[in-house]
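Have the structure open and follow along.

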Amino acid sequence: MKPAQFQYHRPTSAAEAVDLAAELEEAEFMAGNQSLGIVMSNRLATPANIVDLSRVDELDFVEVEADAVRVGALTTHRTIAQSTQLGKHVPMLPAAAEQIAGPSVRNRGTIGGSLGEADPAGNYPAALVALDGDITLRGPDDTRTVAARDFFIAYMFTDMAEEELIESVSIPREPFPPVRTGMAFDELKRAAQTWPTISAGAVVRVDDPDADEPVIEEARLALANAADVPLHVPDAEAAVEGEPLSESTLDEAGEAAREAADPSEEMHADREFKLDVAAEYSRRALETAYDRARGAGGGAA
Ligand SMILES: Cc1cc2nc3c(=O)[nH]c(=O)nc-3n(C[C@H](O)[C@H](O)[C@H](O)COP(=O)(O)OP(=O)(O)OC[C@H]3O[C@@H](n4cnc5c(N)ncnc54)[C@H](O)[C@@H]3O)c2cc1C
């Protein structure tokens, strides 16, 4: 099937883009068109107006500031996967990006498009929830910031008005100095270049990376495709905090993830299987993050 007819608009600034979205009837932003095109071709969406963001260069950036790392909405998965700055300061983001689909999707797809799609199986939504990041939204009249943990409501539903544009995401640096932090993003895929059955993103900060058994000061864990929204698992974090990582704290964290998860059944993965994978991948991601924090002081994904 082909998409229904629409009018095409190609602004060159974020201000112009939001003004167009506010003025036009049934307008939809288009970024990399890796998801929207499929939805429109199946006529599951029939917007009257498409506002193409591909020339809004101001939304394509990676910036490491004193307090936060910021990534523009139009930054592609490929750029994020290859960013040495992100690899140093927030290695979970490149790790999440490089596991998305195949090269053609990564070359065109953007972080803003992924958040706009709000698929609970998406890599960045879970990564941003684990990292406690913020999403900056620009409307015709003002700009506001929403915590990633409050942004996602359900697949394709977010705390974002129709005329609002995702401008950027930001991740606070202070809680996770690279020299004492490890991050991991691990996913189980049924086949290469497809969506994950379950993914887990974990962050661990230790007290002393050179100690024989460093104590975990702070941990973060979020899962993708384990519920209607990217799933933050505070009970798993609490299970591993305050002591060195051990088999028993990992078991506790895995069980906490199983308890928190409420996954939808899929053709190739029933609920019980996905609960097992949620527990196992939570363990793995926390263990990998801990090993990275302990080893070279975090940094590498
Ligand atoms: C074969 C295949 C496999 C995939 N596997 C994975 C995977 O494993 N993990 C994963 O996370 N993703 C996966 N994806 C999804 C892919 O990452 C998304 O297609 C992509 O991130 C969407 O980005 P886009 O720039 O193409 O957005 P578009 O398709 O252009 O837009 C998607 C939605 O976001 C809205 N939007 C876009 N930009 C903005 C903005 N700046 N502000 C507000 N709204 C906006 C659009 O209006 C639209 O509703 C897969 C896709 C394909 C085709």
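Which residue of β12 is the bridge partner of L188? I198 is the one. A note before going further: this is a predicted model, where local features need pLDDT of at least 70, side-chain atom pairs count only at pLDDT 80 or more, and totals for chains, interfaces and linings use all residues. Residues are numbered from 1 along each chain as its sequence is written, and side-chain values use heavy atoms, with hydrogens and water left out.

**The sheet**

β11 and β12 (residues 196–206) are joined by nine bridges in the antiparallel sense. They belong to an open four-stranded sheet in the order β11-β12-β13-β14, with antiparallel pairing. Its edge strands, each pairing on one side only, are β11 (181–189) and β14 (231–232). Strands here are DSSP E runs of at least two residues, helices are H or I runs of at least four, and both are numbered from the N terminus. Two strands pair if DSSP finds at least two bridges between them.

**The ligand site**

The ligand is surrounded by 33 residues, counting a residue when one of its heavy atoms lies within 4 Å. F29, G32, Q34, S35 and T110 are the closest. By type, the shell splits into 15 nonpolar, 15 polar and three charged residues; Ala, Val, Leu, Ile, Met, Phe, Trp, Tyr, Cys and Pro count as nonpolar, Asp, Glu, Lys and Arg as charged, and the others, Gly among them, as polar. β2 (27–30), α2 (36–41), α7 (111–117) and β10 (165–172) each supply at least two shell residues, and α7 gives the most, with five.

| Residue | Protein atom | Distance |
|---|---|---|
| E28 | polar side-chain atom | 2.8 Å |
| G32 | backbone N or O atom | 2.7 Å |
| T194 | polar backbone atom | 3.4 Å |

On its own the ligand has 960 Å² of accessible area, and the protein covers 91% of that (Shrake-Rupley method, 1.4 Å probe).

**A helix and a ring pair**

Helix α8 (residues 123–131) is largely enclosed by the rest of the structure, because nine of its nine residues are buried, meaning under 20% relative accessible area with a 1.4 Å probe, protein chains only. Among them are Y124, P125 and L128. After α8 comes D132, with a positive phi near 55°.

Searching the whole structure turns up one aromatic pair. The ring centres of F151 and F152 are 5.0 Å apart and their planes sit at 90°, so this pair is edge-to-face (centres within 6.5 Å, planes over 60 degrees apart). Both F151 and F152 are buried.

Note on methods. Buried < 20%, exposed > 50% of the residue type's maximum accessible area, 1.4 Å probe, protein only. Polar contact = N/O pair within 3.5 Å; in protein donor to acceptor, adjacent residues only side chain to side chain. Phe/Tyr/Trp six-rings, centres within 6.5 Å; stacked < 30°, edge-to-face > 60°.
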